[in-house]
Amino acid sequence: MNVLDAIVSRRSTRVYKPIPVEREKVEKILDAGRYAPSGGNNQTAHFLVIQKKDVLEKLVTLVQEAFAKMEVCEGMYKSIRNSILQSKTGNYVFNYRAPVLIVVANQKDYGNNMADTACAIENMMLEANELDLGSCWINQLRWLNEDPSLLSYLKELGLREDERVYASVAIGYPETPDGLPLRKPLDRKGNEVTWIL
Ligand SMILES: Cc1cc2nc3c(=O)[nH]c(=O)nc-3n(C[C@H](O)[C@H](O)[C@H](O)COP(=O)(O)O)c2cc1C
């Protein structure tokens, strides 16, 4: 698969097989993230690679509890609104029970924290695609990155005092009839292009 094929055929996977991903595949994906560019070659992205079931379950519980305490309001971003409403029903699983969650943190006072994170996440999703694994950007830990319970738990897991989470990526084998990720690209209706020739 060349780079453009990997880019065009990458799609978000939201249903995963409950089986682990081989260590060497996770390491390749991690390398793809670590070799992403960073502002000023800062290399301050911190990758927390979570595969332990108890830890993933605890995060699911903490995320649900945090959203369940919030109220929806006018003009709220629709995904946050849905997260709140689903959490109030007690059935919210933010990571789709993927067997791997790579959380990307960075220094909270660094101006390119989000940009560096996005480069790393996209690289990891592309490598996952090349390895026939499904992936999905997971934003909830960023929305909740000042939630006291989550922050304290993430610090127990290794998040440093001066870091916050800017995104995470779920990875695993897709639950599809052929076991491969869905690869049919969505139409590009937006993304205006202005050529200046
Ligand atoms: C910044 C960003 C945040 C996203 N957050 C989530 C998320 O929290 N949960 C989720 O299921 N998908 C999330 N996505 C995935 C998008 O919904 C998805 O990329 C988009 O619908 C296009 O579908 P595709 O990835 O299959 O091409 C996010 C994507 C981006 C770029």
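Predicted model: local features only at pLDDT ≥ 70, side-chain atom pairs only at ≥ 80, totals over all residues.
Okay, housekeeping. Residues are numbered from 1 along each chain as its sequence is written, and side-chain values use heavy atoms, with hydrogens and water left out.

Helices first. Helices here are DSSP runs of H or I, at least four residues, and strands are E runs of at least two, numbered from the N terminus. Axes are lines fitted to C-alpha atoms, for helices over the stretch in contact, with angles from 0 to 180 degrees between N-to-C directions.

Take helix 3 (residues 53–68) and helix 7 (residues 148–157): their axes come within 10 Å and cross at roughly 165°. That pair is therefore roughly antiparallel, the label for angles over 145 degrees. The crossing is left-handed, meaning the near helix is turned anticlockwise from the far one by less than a right angle; clockwise would be right-handed. Contact means heavy atoms within 4.5 Å, and on the helix 3 side we have Val55, Lys58, Leu59, Leu62 and Val63, meeting Ser149, Leu150, Tyr153, Leu154 and Leu157 in helix 7. By class, that's eight nonpolar, one polar and one charged. Nonpolar is Ala, Val, Leu, Ile, Met, Phe, Trp, Tyr, Cys and Pro; charged is Asp, Glu, Lys and Arg; the others, Gly among them, are polar.

Now helix 2 (residues 23–34) and helix 5 (residues 113–130). Their axes come within 7 Å, crossing at roughly 145°, and this one is right-handed. Lys28, Ile29, Leu30, Ala32 and Gly33 from helix 2 meet Ala120, Asn123, Met124, Glu127 and Ala128 from helix 5.

On to the spaces. On a 1 Å grid over the protein atoms alone, a cavity is a set of points where a 1.4 Å probe fits but cannot get out, and a pocket is an open set with protein on both sides within 12 Å along at least five of seven lines; lining residues have an atom within 4 Å of a point. Volume is the space filled by probe spheres on the points, which are joined across faces, edges and corners.

The largest pocket holds about 380 Å³. Of its 17 lining residues, Arg14, Ser79, Tyr96, Gln140 and Trp143 lie nearest the centre. Helix 4 gives the largest share, five residues. The second largest pocket holds about 290 Å³, with Lys53, Leu56, Arg97, Ala98 and Pro99 nearest its centre.

Last, the largest cavity, about 30 Å³: Ser9, Arg10 and Arg11 are among its lining residues.

Key
Parallel < 35°, antiparallel > 145°, perpendicular 65-115°, else oblique.
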